[in-house]
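Work through the exercises below with the model open. Try each task before reading its solution.

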Amino acid sequence: KYNTAATFMQSAIVQKVTGQTVLDYLQSRLFEPLGIKHPIWDTNFQGISLGGYGLRVRTEDIAKLGQFYLQQGRWQGKQLLPIEWVTMAAVKQTSNGSNPASDWNQGYGFQFWRCRHNAFRGDGAFGQYCVIMPDQNAVVAITGGVKDMQAVLNVIWDKLLPAMRPQALAPNPTVSQQLKDRLAHLEVRPVQGAAVSPLAARILKRQFVFPGNEQRLESLTLTSTDASQTLILRARIQGKDMTVPCGYREWKKGRAPFSGRLAEFSDEPTAGTYAWPADDICTLKLCAYETPYHTTFTLKFDGNRVTIDSETNVAFGPTKRPQLIGRAE
């Protein structure tokens, strides 16, 4: 059954019995043999790995996990999981619908969704995929931040699958180079607009304070120390200070609290970008780059007042938050 709470309980049971978190328990048994370095598994307030979600690895590592299951639990000549378990986990254990066009109606195994075309997959929130295709001897790993998850799988079935062949494809250096060039320039677009505003001199270094609000924002200040190529956002949220660098036409890395997930985390790796789309509007975009989430903040200045509108690309609920109004001290 698809049940995140039950999966969390499995994680808690492992920790109770072994004295290790699931993350630690799997280090020597799974992650190290597969060459998966620095996995992170978010925990609850008791220090228990969440189990049902919150595991962070690279896209390449997701592909390794898929290849591991494609090889029926065998890796570099060693059987790390019983074949019988892999077989049971990957097949339909229970029905979850009857729509032949939906990849969420093909049955559910042990932590795996069945897919169309006799495939199965690991499936994370908002476009994290590990699709195993036994008939094609193939694995597709995807990370993303999208609302329409079926559309992503449709691309696999409508574009990739028909192009697959049982024999090796003939070399095509021209197309291969085009693909390399395309991949080398993939990006989350930075904010568009000007680097500076005529209002900047009056706004920078001023502290704006906010009345009590559900977002727990108490104050914010914008500063710049390098001719407006970097804008520093300093905010106080629920009694804690946060400093986030935002680059103009480039991403600046930092760490900051971030919400929009099933929980809120106080120290998230982030990257920020900014621009002035109008003289009185400054837009900041923060990307929690180990997650599917990025949030865009639109700050509109009017005399001693600032209004903040914020929107997250994806969320378990509304993506827009209520507008906040602050005043300069």
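**Exercise 1: Helix H5**

At the start of H5, a side-chain oxygen of Asp148 comes within 3.4 Å of the backbone nitrogen of Gln150. This model is predicted: local features need pLDDT of at least 70, side-chain atom pairs count only at pLDDT 80 or more, and totals for chains, interfaces and linings use all residues. Residues are numbered from 1 along each chain as its sequence is written, and side-chain values use heavy atoms, leaving out hydrogens and water.

Task: check the span of H5, then find which residues are buried and what covers them.

Solution.
1. H5 covers residues 149-163, 15 residues in total. Helices are DSSP runs of H or I with at least four residues, strands are runs of E with at least two, and both are numbered from the N terminus.
2. The expected span is 1.5 Å times one less than the number of residues, so H5 should span 21 Å. Its end C-alpha atoms are 22 Å apart, which agrees.
3. Met149, Gln150, Leu153, Ile156, Trp157 and Leu161 are buried (under 20% relative accessible area; 1.4 Å probe, protein chains only).
4. Their cover includes strands E6 (120-124), E7 (128-133) and E8 (138-142). Contact means heavy atoms within 4.5 Å.

**Exercise 2: Two residues**

Task: is Ser310 buried or exposed? Is Leu186 buried or exposed?

Solution.
1. Ser310 sits in strand E17 (residues 305-312). Its relative accessible area is 7%, so Ser310 is buried.
2. Leu186 lies in the loop between helix H6 (173-184) and helix H7 (200-203). Its relative accessibility is 57%, so Leu186 counts as exposed (over 50%).

Conventions:
Polar contact = N/O pair within 3.5 Å; in protein donor to acceptor, adjacent residues only side chain to side chain.
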